[in-house]
Amino acid sequence: MKRHSVSRPRRALATGAVLAAGALALAACTPSASENGGTADPGTPSTSQTISVWHYFSDENQVQILEDYKEIFESANGGVTVENVFVPYDQLNPRLISSAASGSGPDVVVFNGADAGTLALGGALAPMTGYWDSFADAGQFPDSVVHRLDGEVYAAQGYVNLLGLWYNAEILNEIGVEPPTTLDELNDAMDAAVAAGYAGITLSGLPNSQGEWQAYPWLTAFGFDYADPQVEPLVDAFTMVQRWTESGALTREAVTWDQTVPFQTFAAGGVAFAENGNWQQGTAASTAGFEYGVVPLPIGSSGQVYLGGEGQAIGAFSANPDLAWQYLEQTYFSYDGGVIAADLVGSIPSRLDAAGDDVVTSNSLLDAFATSIANNGGNYPAPAVPAEAVADQQLEVGQIWSAVIGGQLSPEDAAQQMVDLLAGLL
Amino acid sequence: MRGGRTPGTARLSYESRKRRTQLLFVAPAVVFLAAFAVFPIIQLFRMSVSDVRVSNLGSDWQFVGLENVVRNLGQGAFGGVVVNTLLFVAIVTTIGLIGGLAVAILLAKSGRWSATILALLVFVWALPPVVNGSVWKFLLGTQGLINSVLLDLGLIDSAVPFLFDDRIALLSVAMVNAWVVIPFNALVFRASIISIPAEAFEAARVDGASRWQEIRFITIPAVRPTSLVLFVLTVVYGFRSFDFIYVMTFGGPGTATTTLPFLGYVQAFIRFDFGLGSATAVIAVLMVAVLAVIYSRSVRREEIG
Amino acid sequence: MRRRLLAEPVAGPLRFVVFVMYAVPLLWIILTSLKSPADVIGSQSSFLFEPTFDAYVTALQNVGLYTAMQQSLVIATGTMVLVLAIAIPAGYGLARVDSRITTVVLGLLIVLQMMPQTANVIPLFQLFGQWGLLDTNLGLIIADSALLTPFAILLLRPFFRSVPTALEEAAAIDGSSVVRTFFSVVLPLARNGIATTGTLIFLLAWGEFLYAVNFFLTPINYPLSALLASQVSAFGINWPGLMALAVITSIPILILFLFTYRLLREGLTLGAVK
C-alpha cells in the first residue's frame, strides 16, 4: 500500500513539472523580433550600419514624417538602415532614463523639447556641441530652439509648435467683432459672445506641464517673468481667468482637459475662441463645420508664447554618434526636412530659410503662427528655470493654474503661493 | 468551520511529517519571490533614504536618512494627500466589498441572465484603465450622458461638476474605482459561494428559512475567510492604484484628487525625484503594513482560536 | 422566465440594475469606436451620428495587430501557468501550516502586493539586463509572475482553507501520502478557486502594459496592451481608435471567460454530488 502510494504522486509531480517546463518552452520559443526584424537590441553596440530612432509618434501623419526621413537618409547613404522605435509618450522619458542608468539607449531620440535638460542630466543624451559648431547651417536656427546645458549643446528642434488664438469666424461676424489684437479686445469679444449665448474660449487647465504651457502666455501678458517672479502680474492674470469662469466664457471643466478635448469642443461649434496649437490644422479642416481662422495670441509686447515641439538629440550610448548626427543633419535639421514637417502636420520649420518657404507663407493659418514666433516666441522651458527644477516648476505652476480655473484658490492666494514655490525652485 | 484536531500519539509523528511536507509546498514561491520580487523592495527602501535624482540614478546614491520623508511632510499639501488617500480607500473598500458580495449573491445561481451579466462584468473589468477611465470621464462630463439624463428628468437644474469640483471630484474618482473593483470581488465571492454544499441550502429551506435568512446565516459565514482576504486586497488596491486618477483628473483640480500612489508616481516619474517618490511609496507601504499585521493576526486568531 | 422573475421580486430588478451599470459604459465604448473623431465631442450623449468603421479598418489593417495578439496570448498563458504552478502549492501550504512562519509570510505577501509596479521597473530592468532577459518573452513572463504571484497566493489560500481537513485525514488513514492527497483530494475540491484565480491572472497579464513597454526593447514584440497605449499621444487620446482596439483586444477575453464559465458551472454540480 505504501509503495503503491509513492508512484502516483510522482506521476502527479511529473505532470506539474511538464506543465511548468511547457510554459517555459512556450515562453522561450516565440520572441519573434530577433528573427525577422533587424537588430534586436538597439542598446547594444553593433558594427552594423543601423541607427535606431526612439520617438513617441502614433498619429498617421506624424509617423509619415519619420518614414519620409528614413527614406531620405537611407537612399542618400547606401547600406544604412534606420529603425524607428515607437515608445508610448508617457513611457519615453522613464525608459530613456532607466536605460541610461544601465548603460544603454538609442542612437537618436526625438522627445518633448521641454525635457531636454532633464534627459541631459539623466545622462540619456550625448553632447553634440562639436557637431553643432561645425554645422554650416547652424546660423539658420534661432537660439531659442537650441537646448544647452552647462555650455554644451544637447539638442535642437527642427521645427516648432506653438499656441495661437483660433477663432470661429461665424460667431465673430454675428456679434460684430474683429479678431482681437489686444487683451481688452479679447475680453470684450468674449463678453459679447457670452451675451449672445456662446462660450468664450476653450483651453487646457490640466494640473501638469500641459497646463503650465497654456498658462504661460496669459501670465507673461501681464508682465510676469520667471527671472523675477512678482505677485502683482499673477494676480492680474488669475483675476482675468476667474472672470472668464464666472461669466461662463470658460468652463471650469477645463481642469480635466488635455489639449485635444478643448480643440474638439471648439471645432464642434458654439465657442468663439480656442487657445490651441498649429498641430490642430488637420483636425480643424476635417471637423469644424464653420469658417475659422487664427491670430497670434493678443498678449502684447511682454507676452511670450513657448516655442514647443520635439527636440532631437543623439543618444548618450549610441555606438555610432557620427552617423546619428548625419541623420539629424540630413533630415530634421535640413531645409527639406523642415518643409516636410510643415507640409504633413503644419509644424513651423525652425530654419529661417525653410520658414520662408511657400508651404508656410501661402498658408494663412501657418502665417499667423509664424508672426507669433517673430513677435512673442520664447524659449521652452523659460531660461530662468534651472534644468533640474524644470519638471517641478511645470508641475507646480500647472497645479496652481488648475486650482485657479477650478476656483479653489483666490487670485491673491494663488499668486502668493506660486511666487513662494518658485522662490524655492529658482 | 473545521473540527478541532485531536493529536493522538500515533498521529503526532504523522502530523509533524505532514507539516514539514506542507511547508515544502511553499518553497518554490519563496525562492521565486526572493529572486525577483525582493530586490525591487530593497532598492525602493534604499532609494527612500537616499538622494536619488535623474543625474545619479545609475551611480552612487547618497544616504540622507529621513530627509525625503521630512521634505514630503514639509509640503503643505501632504496632509491633504493622506486624507484624500484614506477617504479614497474607505470608499473603494466599502462599496467594492458590499457591492461585490451583493452581485455575487445575485449571480450565484447558474442561468443565462447570470452568465450574461457575469461575462459583461468580467469583460469590463479586464478593459485597461485608460479605456474605462476615458469612458467615465465622458459619462461624467458636463455634456455627458449622466448629466444629460439627470437634466432631462428634471432632477437637477444645472450640470453636476463631477470631476472638476474639489469636493465632488475625489468622490467621483473613488466611485469609478469601486465600480471597477466590484466585478473582481464578485467573481471571487461567487467562486466561494458556489462551493457551499447544496445540502446546506436545502436543509435551510426545509426549515422554512427565508432567502434573507439563508444569506445571513449560511452565505455570509461561509464567505468570511474570502471576504477577509478580499478586504485586504481591496485596501491594498486602493493604496496603490492611480491609473484612474491619472486618466480622469490628473490629481486635480489643483491637488484635490491627489492620493499617495499618484503623488509617488508624479514625484518619481514626472519630477524624476526618485528619492522623494520612493519615500512616498514607503509611507504608503508602511500604512498598509499595519493592516498586514492586523490581517495575519486575525487570520491566526480566527483559525486557531 | 416570467414565473422565475415573479418568484424573485427583488433579485430580478437588482440584476437588471447591475446589468445597466456595466452595460452603459460598454455601450458607450462601442458607440465611440463607431464615431468619427469629430463626433466624439460633438454628439457626446446622443445616439444620432453617422457610424463609421474607420477605426476598425485602421486597427485591423495594422500588421502588428496579429503579432501583438500572438504575443499577448503567449505572455498571458505563460504567466498564468507559471503563477499557478508556484501559487497553488504555496497557497495550500500556507492554508495548512499554522505557525508563526505563516503569519510572517502572509504579512510579507501583503507588503509585496503593495509594491507600486512603477517602483519595480528600474530594478528589474537592471536585473534582467544582467541576466539577458530583456527583450524576451521569458523575461516578461517572469516579471508579470513576480508581480501576480503574491496576489494569487493570498487569493488561493482561503479556498484551500475551506477544504475540510477531515477528508485529508481520511485519505491519510487509507495510507495516502501528503503529496498524493494534495493532488487527489485537495486540488479537485479547490478547483473553483483555482479556475477563478487562473482566469483573473490571465486577464491581468493580458492587460499588463508597463512592463511590456519597458522590458521589450523592440516594438515588434509589444503585446496588445502596448498597442492600446499608442492611441494615447503627446497631445491627447484618439478615442475612436482606442475604443475600437479595446473592443478587438477584449474579444479573446470573452471567449476565455465563456470557456471557464462552463468549468465553473460543472464545478457546482460536481460539488453538490460530493
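Modeller: Let's start with a term: contact means heavy atoms within 4.5 Å. By that rule, the contact between chain C and chain B takes 97 residues from chain C and 95 residues from chain B. This is a predicted model, in which local features need pLDDT of at least 70 and side-chain atom pairs count only at pLDDT 80 or more, while totals for chains, interfaces and linings use all residues. Residues are numbered from 1 along each chain as its sequence is written, chains are lettered from A and ligands numbered from 1 in the order in which they are written, and side-chain values use heavy atoms, with hydrogens and water left out.

Biologist: What is the area buried between chain C and chain B?

Modeller: About 9,300 Å², with carbon and sulfur atoms giving 78% of that area. Buried area is the accessible area (1.4 Å probe) that two parts lose on being put together, summed over both.

Biologist: Why is Ile201(A) called buried?

Modeller: Buried means under 20% relative accessible area, exposed over 50%, and partly exposed in between (1.4 Å probe, protein chains only). Ile201(A) has 1% relative accessibility, so it counts as buried.

Biologist: Where does Ile201(A) sit, and which residues does it touch?

Modeller: Ile201(A) lies in strand β9 (residues 199-202) of chain A. Strands (E, at least two residues) and helices (H or I, at least four) are DSSP runs, numbered from the N terminus. Setting aside residues up to four places away in sequence, the residues that Ile201(A) touches include Trp218(A), Trp244(A) and Phe273(A).

Biologist: What span does helix α11 of chain B have, and what is expected?

Modeller: α11(B) (residues 211-222) has 12 residues and reaches 15 Å from its first C-alpha to its last.

Biologist: How do you know where the buried residues of α11(B) lie around the helix?

Modeller: The buried ones are Glu214(B), Ile215(B), Ile218(B) and Thr219(B). Down the axis of α11(B), they fall within an arc of 125 degrees, so they line one face. The arc is that of the directions from the helix axis to the C-beta atoms. Exposed Trp212(B) and Phe217(B) are on the face turned away from the buried side.

Biologist: What covers the buried residues of α11(B)?

Modeller: The cover includes α5 (78-106), α9 (169-193) and α10 (198-206) of chain B.

Terms used
Expected span 1.5 Å × (residues − 1).
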